[in-house]
Amino acid sequence: MLLRHLRKIRIILSLLIFAFLLLFFMNVHGRIVDPVAEFLLRLQFFPSLLRFTAIAFAASSLGFLLILLITLLFGRVYCSSICPLGTLQDFFIALGKRLKPKKKRRFVYTSNRKFIIRYSLLAATLLFWVFGSLFLLNLLDPYSNFGKISVTLIQPVFTKGVNVLSGLLERLDLFFITPFLKQSLPLDVIAVSVGILGVIMTMSIWRGRLFCNSLCPVGSILGLVSTRSVYRLAFKDEACTFCGKCEKVCKAECLDSKNKTVDMSRCISCFNCFASCSNNGLYYENAYSGKKQLVKVDIEDKTRNEKRAFFLTLAGGVMSLPLLKKFAKAQVEPGKAGMVPTGTSLPVTPPGSISHDHFTGKCIACYLCVGACPTNVIVPSFFDYGLEGFMQPKLDYHKSFCNFDCTRCTEVCPTGAITKLDRSTKHITQIGIAKFLYESCVVTVDRTDCGACSEHCPTKAVKMVPYNGLWLPEMEPDLCIGCGACEYACPTEPYKAIFVESNSVHQEAIPLGEDHGPRDHEKDEFPF
Amino acid sequence: MERRDFIRKSFLYGAVAGLGTSALGSFTPALAGLRPHITKGNYDLAAVRGTDLVAMFESAMQEMGGMSQWVKPGQTVVVKPNIGWDVIPDRAANTNPELVGAVVRHCLQAGASRVTVFDHTCDNWRRSYENSGIEKAARDAGARIVPGNFERNYRDITIPGAVRLKDAKVHEQILENDVFINVPVLKHHSSTRLTIAMKNLMGIVWDRRYWHRNDLNQCIADFCLYRKPDLNIVDAMLVMTRNGPRGTSTADLVRKNSLLVSSDIVAVDAASAMIFGEEPANVGHLAIAERMNIGNLDLTKLNIQRVYM
């Protein structure tokens with residue numbers, strides 16, 4: 001019977017989706033990986049929803065509606081198959097089975113009374129968002145956490161492996177494996193990722209998909225929808241023998257085999273129960289087909305509490321959020337001028353991100369851009385944007401700069417935090433402006449030529465002018481796009497003599513002149 | 001350099017060279033810098049004007065006596081073009097890819113057992129290798145192209161007699177290959193006025209910031225004391241006369257339609273500077289190189305073959 005095979009189909013589907021997304025996050029590209037992964041990114045719930053608020057009605061930003069529709073029809077297929085963090089948890093659950101003593105391997109139905117916390121957390125997450133901070137969402141969203149874990153923990157291991165391998169092959173004079181240029185990430189960022197991974201791993205080994213049914217905001221939203229879905233899991237009274245096998249394999253702990261009820265708000269449609277039942281005692285029931293066999297236990301009781309909690313949090317949040325906003329803003333404003341010789345307390349946001357407000361309001365901190373950036377100039381921040389932009393990426397010109405012709409981050413961003421730019425628009429998108437510190441320059445201090453800044457400048461916003469027989473940098477700010485090539489190239493220490501100050505709202509730089517082509521040279525004789 | 005120091009080092013290097021170890025046998029370290037005007041080939045310098053760069057290169061090599069003057073059968077060769085920037089060949093910020101391909105082919109025809117091409121790029125190396133067209137051209141011609149942007153490929157060296165650049169990290173390919181061929185492109189440069197053959201050697205060291213911080217022009221000259229290329233081939237076809245070394249558009253270019261070949265790195269830079277329209281002595285590192293006796297700045301003293309195609 002088909003229902004018994006659903007589990008296998010789900011496993012294959014989830015592994016494929018996980019593999020494609022992971023490959024994409026590892027920067028492994030190809031004719032198959034790219035379009036498939038890009039499609040799968042569109043299906044990720046909150047990225048799609050954020051994209052909807054950023055770009056509004058475009059086919060590329062309606063994935064979340066499709067997910068809602070699927071959930072309304074079949075329940076939380078998203079959680080069991082499409083969500084990469086769900087599949088990651090399944091790995092941990094499988095690992096846990098091997099680690100645990102036999103008796104503790106089985107799952108037991110838990111009542112959902114304690115799950116008030118679940119909807120309070122969802123309410124708080126949404127409230128934070130409404131008031132402009134993605135702080136909670138970026139900590140809890142499953143796709144964001146999958147991304148963080150991939151880019152900050154898995155990718156470094158992957159690239160290191162490739163580089164060690166290519167290094168060994170180089171010793172044998174073989175150069176067919178291209179090494180990656182990757183910078184090490186800040187320790188605080190890695191620590192947060194390790195913490196997130198630890199929490200998720202512990203929860204899943206301990207209680208299966210507990211994360212999905214307590215902390216996860218997507219799980220909570222889809223849980224609300226799936227209690228109303230058309231097709232729902234139900235016990236077949238005449239076939240069920242109360243053997244309890246289904247309950248033992250239910251990693252959402254939502255099957256109550258004694259009372260023959262299913263808490264659809266927690267069921268993640270993993271179909272383990274179908275596969276476990278030898279009597280076909282469970283089936284998919286059309287809840288609107290008239291014959292109301294569906295047991296409505298819990299739902300009444302539960303929702304009242306949930307709703308109460310939801311509105312309580314809502315009210316509390318409305319009162320307290322302005323305080324948080326204030327705290328965050330205080331962190332962002334560039335205060336204490338003069339304390340730091342260079343640098344700016346405002347981070348530079350990627351080209352295409354329109355403004356600080358747009359970027360911090362849309363970025364889910366999945367780090368896809370961090371992993372995809374060929375020059376590694378995009379790095380995770382910590383509190384650079386304040387609490388409200390916790391861990392969102394920024395451009396760091398200490399170890400790299402933004403490649404003039406590259407638009408990679410604008411192509412991969414799933415949320416619309418970084419909007420797509422074509423090359424010519426990127427060429428005039430001013431994300432910051434370089435400031436030259438005359439008193440700190442090699443030319444003025446050491447009295448020797450340098451010009452590393454101007455050398456690297458793609459628009460010649462930094463040009464060299466005569467200066468006591470030497471050549472001194474001079475800025476033409478309107479030409480500057482803030483790519484950071486000058487800051488990166490500047491050799492002075494500990495502070496750079498030229499650095500980029502962020503534009504909190506991106507501006508348009510003066511475009512480079514018309515490309516007239518090479519000029520002809522008249523002389524035919526050699527001058528020597 | 002103190003005289004005593006010089007004598008001591010001369011003996012040291014003489015002894016090492018005398019041992020004829022395979023690793024050092026083909027090098028002329030340090031001492032080469034102190035022996036001026038040693039050139040191979042029929043002429044000190046060949047200069048060709050024309051419109052077909054590859055044909056010009058072939059003509060120049062024919063005049064000089066062929067690549068076999070520099071590359072003996074079985075020897076390994078490293079070719080160092082300028083692949084500094086992520087721009088297309090039309091922008092002439094990098095060496096012309098077809099010229100690089102032709103150089104590789106000549107080396108292989110002369111019997112080279114292996115030709116390696118690399119550069120320590122300024123822009124992202126993958127993008128520069130690809131978009132410059134040089135990776136493909138070199139591979140198609142039979143060379144292998146290796147990364148230059150990883151510190152693990154660089155080895156510590158010291159430069160006896162250097163004024164500012166007393167030690168550096170040099171790419172292992174420079175140390176491991178028998179013949180070193182430098183294939184720069186002539187361009188305007190924001191701080192050194194010009195970038196040609198000597199300046200192109202900044203692409204074989206790891207820490208370029210040190211040079212910028214410690215008298216750039218002096219460091220460029222100092223490095224030639226360590227290792228001068230055996231042969232320099234300058235692409236002066238499309239010459240970036242402003243906004244160098246990266247350029248902002250093809251409007252920065254002038255068709256100078258020239259190619260120069262010489263074993264003398266200073267002479268080839270001096271001739272290129274004149275094609276650019278700059279007095280060689282006005283170029284900081286060239287003036288220093290002349291003072292340090294690295295090569296010949298005075299073109300009137302050289303045996304030059306001029307070819308108009």
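Q: Why does C246(A) count as buried?

A: C246(A) has 24 C-beta neighbours inside 10 Å. A residue is buried if 20 or more other C-beta atoms lie within 10 Å of its own, exposed if 12 or fewer, and partly exposed in between, with C-beta atoms placed from the backbone. C246(A) therefore counts as buried. This is a predicted model, in which local features need pLDDT of at least 70 and side-chain atom pairs count only at pLDDT 80 or more, while totals for chains, interfaces and linings use all residues. Residues are numbered from 1 along each chain as its sequence is written, and chains are lettered from A and ligands numbered from 1 in the order in which they are written.

Q: Which residues does C246(A) touch, not counting residues up to four places away in sequence?

A: They are L255(A), S257(A), C273(A), S276(A), C277(A) and L282(A). Two residues are in contact if their C-beta atoms, placed from the backbone, lie within 7 Å. C246(A) itself lies in helix α12 (residues 245-249) of chain A. Helices (H or I, at least four residues) and strands (E, at least two) are DSSP runs, numbered from the N terminus.

Q: Is A365(A) buried or exposed, and what makes it so?

A: A365(A) has 26 C-beta neighbours inside 10 Å, so A365(A) counts as buried. A365(A) is found in the loop between α15 (356-362) and α16 (368-372) of chain A. Its phi is near 60°, a positive value in a residue other than glycine.

Q: Why is N27(A) called partly exposed?

A: N27(A) has 19 other C-beta atoms within 10 Å, and is therefore partly exposed. N27(A) sits in the loop between α1 (2-25) and α2 (33-43) of chain A. Phi of N27(A) is also positive, near 70°, and the residue is not glycine.

Q: How do you know that helix α11 of chain A is mostly covered?

A: Eight of the 10 residues of α11(A) (residues 217-226) are buried. Among them are P217(A), I221(A) and S226(A). The buried residues pack against α3 (45-55), α4 (63-74), α5 (77-82), α7 (116-130), α8 (135-140) and α9 (142-171) of chain A.

Q: Why are α4(B) and α6(B) called roughly parallel?

A: Helix α4 (residues 97-109) and helix α6 (residues 134-141) of chain B pack at an angle of about 25°, with their axes 8 Å apart. Axes are lines fitted to C-alpha atoms, for helices over the stretch in contact, and angles run from 0 to 180 degrees between N-to-C directions. Angles under 35 degrees count as roughly parallel, over 145 as roughly antiparallel, 65 to 115 as roughly perpendicular and the rest as oblique. The two helices, α4(B) and α6(B), are therefore roughly parallel to each other.

Q: What joins β11(A) to strand β11 of chain B?

A: Two bridges join β11(A) to β11(B) (residues 253-262), and the strands run parallel. Two strands pair if DSSP finds at least two bridges between them. D520(A) stands opposite R255(B) in β11(B).

Q: How many residues does each chain give to the contact?

A: Chain A gives 36 residues and chain B gives 43 residues. On the side of chain A that touches chain B, α20 (452-456) and β11 (519-520) each supply at least two residues. The most comes from α20(A), with four residues.
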